[in-house]
Amino acid sequence: MLLQDVIGQHKVKEILLSMLREQRVPHAIMLCGAEGTGKMPLALAFATLLCCENPQHDDACGQCPSCVKMRKLVHPDVHFAFPVIRKKPGRPVVSDDWIEPWRQMLTESPYFSLSQWMQRIEAGNAQPGIFVDESDEIYRKLSLKASQGDRKIMIIWQPEKMNAECANKLLKLLEEPPKGTVFLMVTEEPDMVLPTLVSRMQRINIPLLEESDLSQMLEKRYMLPPTDAADIAHRSEGSVLKALETIHTHEENNIFFDLFVSLMRLAYARQIKEMKAWSEQLAGMGREKQKRFLSYCQHMLRENFIYNFRQKDMNYLSVSEQQFAVRFAPFINERNVIGILTEIELAQRHIEQNANAKFVFFDFSLKMIVLLKQP
């Protein structure tokens with residue numbers, strides 16, 4: 001991963017390059033930002049640059065033996081720590097137990113979430129963490145002499161998942177790191193990291209991605225037409241993961257949109273018989289899909305309420321959703337929006353509790369009759 005491969009984040013790239021050019025790379029950097037903004041790609045790219053044998057003015061060369069090893073994620077002086085699960089109670093657990101799926105995940109795409117990582121290692125209901133055994137492993141790795149160059153790098157993904165014992169044991173290492181050591185910590189919740197650890201690191205905040213950068217990426221990598229790319233980039237709220245999710249769920253969202261529009265029109269017209277048929281159609285879907293539909297309803301309520309303020313930058317609707325909002329948005333106002341959202345949340349809770357889906361959705365649809373026409 002090179003800096004040129006990281007989507008957007010031009011200001012952050014310049015900060016990192018300035019550190020290296022001015023020879024003031026701190027021993028510990030904490031990259032903080034929301035999911036999908038490119039924290040891990042930046043960490044990988046900066047590690048590649050730090051280890052590069054022939055660095056260029058604004059990036060690593062990408063061709064030296066060190067860069068080749070980094071591309072394969074097998075550089076002997078670059079180590080990883082990340083949340084994992086215990087395979088068996090009472091046994092030591094460290095990140096290297098899961099290093100192969102970790103490399104596969106990063107190779108496929110360095111943009112991923114904790115839930116995607118948990119699915120990759122088939123965690124099920126197990127709680128991920130960075131356990132105390134990891135601190136001993138980090139000590140061991142960093143105590144070794146660098147085999148190439150003069151730097152040793154430890155990339156810690158989601159340090160907020162460290163248990164207290166592990167974090168406390170790393171304090172001394174951060175206070176007196178071995179010569180040439182650089183910690184790169186990648187976090188989405190810096191407030192959950194041990195404060196004494198945070199105080200020993202230089203924090204760099206990673207902003208949401210610019211829509212233009214996301215749109216350009218979607219056009220180049222996914223061959224989307226400029227109009228569609230710009231639309232998805234706007235609705236992705238500065239996150240690569242949300243942009244990719246929008247692409248992958250486009251077909252399902254079209255189904256949900258038709259169901260939502262159908263319900264609102266039937267409720268407004270008080271067509272009870274048709275509403276019953278609508279409820280039976282929803283009941284025929286799986287519970288996970290039913291829950292996703294209700295989440296989509298929440299999204300549509302929020303966006304149509306905001307649409308009334310005529311602030312385009314605050315709206316995240318597709319073209320077809322915007323066309324529907326022109327007439328529908330006035331019916332969603334301060335008098336009924338909370339009531340409708342409350343009913344959606346109630347329906348979600350009932351679905352999660354395995355209530356009869358026909359009753360849940362028919363009851364929900366009947367309440368829409370009253371709420372949509374609330375004076």
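Which residues lie nearest the centre of the largest cavity? The legends below start with that site; the model is predicted.

**View 1. The lining of the largest cavity.** Gly36, Lys39, Met40, Pro110 and Phe112 lie nearest the centre of the largest cavity, and they belong to a lining of 14 residues. Searching the whole structure gives one cavity of 30 Å³ or more. The volume of the largest cavity is about 80 Å³. With three residues, helix H2 (residues 39–51) gives the most to this lining. By residue class, the lining of the largest cavity consists of eight nonpolar, three polar and three charged residues.

**View 2. Thr181 in strand S4.** Strand S4 spans residues 181–187 and includes Thr181. Is Thr181 buried or exposed? Thr181 counts as buried because its relative accessibility is 4%, under the cut-off of 20%. The Thr181 side chain makes an approach of 2.9 Å to the backbone oxygen of Pro178. Leaving aside residues up to four places away in sequence, Thr181 touches His27, Leu142 and Lys152.

**View 3. Helix H11 and what covers it.** Helix H11 covers residues 240–248, and its buried residues are Val240, Leu241, Ala243, Leu244 and Thr246. An α-helix has 3.6 residues a turn, so residues three or four places apart point the same way. The cover over the buried residues of H11 includes helix H5 (114–120), helix H9 (211–222), helix H10 (226–235) and helix H12 (250–269). At the start of H11, the backbone nitrogen of Leu241 has a side-chain oxygen of Ser239 within 3.2 Å.

**View 4. Cys61 and Cys52.** How far is the sulfur of Cys61 from the closest cysteine sulfur? That closest sulfur belongs to Cys52 and is 3.5 Å away, too far for a bond, because a disulfide requires the two sulfur atoms to be within 2.5 Å. By this rule, the disulfide count is zero.

**View 5. Cys166, a buried cysteine.** Cys166 has a relative accessible area of 0% and is therefore buried. For the sulfur of Cys166, the closest cysteine sulfur is in Cys32, at 18 Å, which is too far for a bond.

Key
Residues numbered from 1 in each chain as written. Predicted model: local features only at pLDDT ≥ 70, side-chain atom pairs only at ≥ 80, totals over all residues. Heavy atoms only, no water. Helix = DSSP H or I, 4+ residues; strand = E, 2+ residues; numbered from the N terminus. Buried < 20%, exposed > 50% of the residue type's maximum accessible area, 1.4 Å probe, protein only. Polar contact = N/O pair within 3.5 Å; in protein donor to acceptor, adjacent residues only side chain to side chain. Contact = heavy atoms within 4.5 Å. 1 Å grid on protein atoms, 1.4 Å probe; cavity = no way out; pocket = protein on both sides within 12 Å on 5 of 7 lines; lining within 4 Å. Points joined across faces, edges and corners; volume = space filled by probe spheres on them. Nonpolar A, V, L, I, M, F, W, Y, C, P; charged D, E, K, R; others polar.
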